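Thank you all for coming; I would like to take you through a few local features of this model. Please keep the structure open while I talk.

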Amino acid sequence: MRKIGLALGGGSARGLAHIGLLQVFEEEKIPVHLVVGTSIGSMIGAFYAAGTNLQYLAGIARHLNWQQILDPKFSRLGLCRGDKLEELVALLVGRKTFQDLKLPFAAVACDLKTGQEVLLSEGDVARAVRASCSLPGIFKPVQWGDKLLVDGGVCGRLPVKAARKFGADLVIAVDVGGWPKQGEIKNAFQVLNQTFHIFEARLAQEQGSEAELFIRPNVGQIGPERLDLADELIALGREAAVKALPQLQKMIGS
């Protein structure tokens with residue numbers, strides 16, 4: 001059987017939509033043989049690969065806030081240490097190595113020294129997820145051997161090529177990143193912000209086009225900080241998965 005891989009993209013709080021999508025996959029018995037995640041996609045992917053109950057995970061998401069994730073301590077390399085983020089992952093996954101997981105999983109980070117994408121699939125899962133989620137300037141980079149790792153989204157928020165490298169024959173890519181905003185642009189900050197969104201969205205579109213199936217939940221206009229919209233985000237993930245079911249079933253059948 002050809003291996004089906006999930007490529008779960010980054011998007012901060014919008015990544016809670018991954019939970020809804022995975023719920024539908026479980027309910028419809030969509031086979032998943034491996035998972036690769038970037039940033040929040042690595043966090044949700046690790047929970048899924050560890051066998052965390054998705055209804056329980058949705059309940060955790062509804063009560064999650066930034067105080068449980070951010071641990072401000074100014075340093076020359078970042079505003080937050082990242083210890084809380086790692087502890088949150090360890091709480092749900094345990095101090096497991098990748099080999100202890102129920103499903104093959106890899107987290108994608110970016111080496112700040114070389115600019116190269118790094119596929120993490122050995123060692124401590126919680127620390128790897130921390131590295132994959134370490135947004136530059138916000139979280140202190142993670143030292144991993146001779147590499148200095150930051151958020152995998154720096155190299156691209158949708159890890160399609162990484163999923164193929166990890167062994168997927170068929171890739172289902174899920175993009176939960178932001179989209180260019182509609183409306184009038186009134187100042188220089190908005191110009192820069194819109195430019196960033198255009199660049200990031202176009203890159204994600206190119207990456208998604210390389211997958212056998214590209215799913216984009218309708219979360220692009222929701223702010224990346226909106227953890228308080230967990231129910232809405234999960235519902236949008238479910239909606240996107242249900243809409244993709246005919247394509248999924250055709251892909252699996254073929």
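With a cavity taken as a set of points, on a 1 Å grid over the protein atoms alone, where a 1.4 Å probe fits but cannot get out, the count comes to 1 cavity of 30 Å³ or more. The largest cavity holds about 80 Å³ of space, a volume being the space filled by probe spheres set on the points, which are joined across faces, edges and corners. This is a predicted model, in which local features need pLDDT of at least 70 and side-chain atom pairs count only at pLDDT 80 or more, while totals for chains, interfaces and linings use all residues. Residues are numbered from 1 along each chain as its sequence is written, and side-chain values use heavy atoms, with hydrogens and water left out.

Lining residues are those with an atom within 4 Å of a point, and for the largest cavity they include Leu16, Met43, Phe47, Leu57 and Leu92. Helix 2 (40-49), helix 3 and helix 4 (83-93) each supply at least two residues of this lining; helices here are DSSP runs of H or I with at least four residues, and strands are runs of E with at least two, numbered from the N terminus. The lining divides into 11 nonpolar residues, no polar and no charged, where Ala, Val, Leu, Ile, Met, Phe, Trp, Tyr, Cys and Pro count as nonpolar, Asp, Glu, Lys and Arg as charged, and the others, Gly among them, as polar.

Let me turn to Asp71, which sits in the loop between helix 3 (54-62) and strand 3 (72-75). Is Asp71 buried or exposed? Asp71 counts as buried because its relative accessibility is 4%, and the classes are buried under 20% relative accessible area, exposed over 50% and partly exposed in between, with a 1.4 Å probe and protein chains only. A polar atom of the Asp71 side chain lies 3.1 Å from the backbone nitrogen of Lys84.

Most residues other than glycine have a negative phi. Lys29, found in the loop between helix 1 and strand 2 (34-38), has a positive phi near 55°, and Lys29 counts as exposed at 71% relative accessibility.

Conventions. A polar contact is a pair of N or O atoms within 3.5 Å; within protein, one must be able to donate a hydrogen and the other to accept it, and residues adjacent in sequence count only if both atoms are side-chain atoms. On a 1 Å grid over the protein atoms alone, a cavity is a set of points where a 1.4 Å probe fits but cannot get out, and a pocket is an open set with protein on both sides within 12 Å along at least five of seven lines; lining residues have an atom within 4 Å of a point.
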